[in-house]
Amino acid sequence: SGGEGSGLWKSTDGGETWKNISANKGLPKNIWGIVGVAVAPSNTEKIYTILENKDGGLYVSEDGGETWTILDSPLPYLSVGDGFTTLSGEKYQIAVNGIDVYVLYGSPWTDLILLHSNMNGEPGSWELTTIIDFPIDNYNGALGQISDYTGDGIADTIKTTTDGYLE
């Protein structure tokens, strides 16, 4: 996404010029009021986006944002049961190459993971690769919560994490 204001914006010249292609037609507003991360593969009318207000729902449009063929398809492996307390905004990147869709996600105190779908992001087509395994699931640094992953009651220094800015 880019440009000013809410809605989806698309660049056809590598980011020099942005065109408002929709006002989020059919998309719910998220907590930021705009789409979090969107990608539009070159020479196509496809748009892939993830909204930050849910559990990382994937949305796919085949016609430049006029309609959406995949609506709020939950991304697997990003739940509390998998060690993620929440999907934080701007802590992920999405990329598309042909029918392959890649989502990189990692925030402070979570694993750094790569999701891959070789079926345009269709539900059930995702594979997980853990790049950095953060040792404490669902850690959020809350008051009184310590980084004790060895179970001895003493806070441990954790050397494997990411700052969450995946640029």
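Predicted model: local features only at pLDDT ≥ 70, side-chain atom pairs only at ≥ 80, totals over all residues.
In what order do the elements of the chain run from the N terminus on? They run β-β-β-β-β-β-β-β-β-β.

Now the chain as a whole. There are 167 residues in the chain, and buried residues make up 40% of them. The accessible surface comes to about 9,200 Å², and carbon and sulfur atoms hold 50% of that surface. On contacts, take those with a separation of 6 or more: residues 24 or more positions apart account for 38% of these.

Tyr 59 sits in strand 5, which covers residues 58–61. Is Tyr 59 buried or exposed? Its relative accessible area is 3%, and the cut-off for buried is under 20%, so Tyr 59 counts as buried. Tyr 59 and Gly 121 are 62 residues apart along the chain, and their C-alpha atoms are 8.9 Å apart in space.

The other residue is Lys 159. Where is Lys 159 placed? Lys 159 lies in the segment after strand 10, and strand 10 spans 126–132. The relative accessible area of Lys 159 is 76%; exposed means over 50%, so Lys 159 is exposed. Pro 135 is 24 residues from Lys 159 in sequence, with a C-alpha to C-alpha distance of 9.8 Å.

To put the two side by side: Tyr 59 is buried, whereas Lys 159 is exposed. Tyr 59 belongs to strand 5, while Lys 159 comes in the segment after strand 10. That is what I have for today.

Definitions and conventions. Residues numbered from 1 in each chain as written. Heavy atoms only, no water. Helix = DSSP H or I, 4+ residues; strand = E, 2+ residues; numbered from the N terminus. Buried < 20%, exposed > 50% of the residue type's maximum accessible area, 1.4 Å probe, protein only. Contact = heavy atoms within 4.5 Å. Areas by Shrake-Rupley, 256 points an atom, 1.4 Å probe, with all protein chains shown as cover.
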